[in-house]
Amino acid sequence: MEEVIPGIFLIKEKSGFERIKPSENIYVIAGPDGLIFDAGFGNKKMVKFLIKEINKIEQMYRDKKEDFKITRILVSHGHPDHFAGLIKIRESLGVKIALTEKTAEIIKNKKSFMKSFNADSYEDYLIIQKGFRYRIRSFLQKILTHLFFKRLYGLSFVTDPDEIIKDNTEISINGENWRIFHSPGHAIDHISLYNEEKGILFSGDNILNSMTTWLGPPNCSVEDYIESVETIQNLPNLKIILAAHGNIINNPRERSIEILKHRKERTQNLLDIIEAYPEKGISPNDIIRELYPNGKKIRFEMVRGWVCLTIKMLEKENLIKRIEEKKEIKFYPINN
Ligand SMILES: [Zn+2]
């Protein structure tokens, strides 16, 4: 636990499997009416660690003879590393779970959650795979995805949140005014939490210090993501970003510009590849192979998401077209 800004504490939940499950940052805004931002993992050991760290903060406040009470927990979005711990944390600390309507809808049960993770939409979009074998494969994939999150993330769903808040609203934390605003792109329900007077932003997964934010169907959008990063870049008085993974960001504007530049470059790379095949077209898998010539198969699965979303965006912008051929989908440039 570390007091990163006076009154704001960072608790890092180390995952131990960085590649498939990055460590998670949980923040405590301490005071008489405090708030926990993001719930982290729900595995017993992780929650126990978190509670121990929060107790240490409480002791510090008691030693200083200052009031300390955490009243609420709020999550940035309905991804497992952000909400899995909610129920156990509520049980241990007696805090109220505050969710936006969109997040509450996603994390209310297994069916709803799996729908938000269901890869069918883009698998259908990128590969022609119909029939019995495909249905079996996608059925197994769903079971495995759920098991993966349940075991590795200690998933539990929230059927009864204590408070439903708006996507765009103001809340008081320890008597200070904080603004919540909808920032979709990485997730359809993503929110950010901002204190303009102090210039502090909790950015969830939208702005990370050294990692690229994951994007993939069905709940992400490159267009929305760019818009959200632009909104963050233009926040008045923004001084510091407290991200959900990795280090704190002390140069928020530069980092936002860098992220936007990266997205623009990747979009151009993809378009250049498709434009190199005006006659015979190129399949999504070959696009990925050209984008990551030295990539391993596992990496292809990780990047498939943004490639698919960017293809969709270029199609919408009328820069490329999609043609279903015998056993494959291919993309062709449109020369306007
Ligand atoms: Zn996420």
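1. Two strands pair if DSSP finds at least two bridges between them. Strands here are DSSP runs of E with at least two residues, and helices are runs of H or I with at least four, numbered from the N terminus. On that basis β1 (residues 2-5) runs antiparallel to β2, joined by three bridges. E2 stands opposite L10 in β2.

2. A note on the model. It is predicted, so local features need pLDDT of at least 70 and side-chain atom pairs pLDDT 80 or more, while totals for chains, interfaces and linings use all residues. Residues are numbered from 1 along each chain as its sequence is written, and side-chain values use heavy atoms, without hydrogens or water.

3. The hairpin of β1 and β2 has two residues between its strands. G7 takes a positive phi there, near 90 degrees.

4. β2 also runs antiparallel to β3 (residues 24-29), with six bridges. I8 stands opposite I29 in β3. Five of the six residues of β2 (residues 8-13) are buried (under 20% relative accessible area, 1.4 Å probe, protein chains only).

5. Now the metal. The zinc ion has protein donors H77 (NE2), H79 (ND1), H186 (NE2) and D205 (OD), at 2.1 to 2.2 Å. Donors are N, O and S atoms within 2.8 Å of the metal (3.2 Å for Na, K and Ca); water is not among the atoms, so the site may look incomplete.

6. The donor spacing in sequence is H-x1-H-x106-H-x18-D. H77 sits in the loop between β5 (70-74) and α2 (80-83), and H186 in the loop between β9 (176-182) and β10 (191-195), so the pair ties together parts 109 residues apart in sequence.

7. H77 is buried because its relative accessibility is 0%. H186 is buried too, at 3%.

Terms used: Buried < 20%, exposed > 50% of the residue type's maximum accessible area, 1.4 Å probe, protein only.
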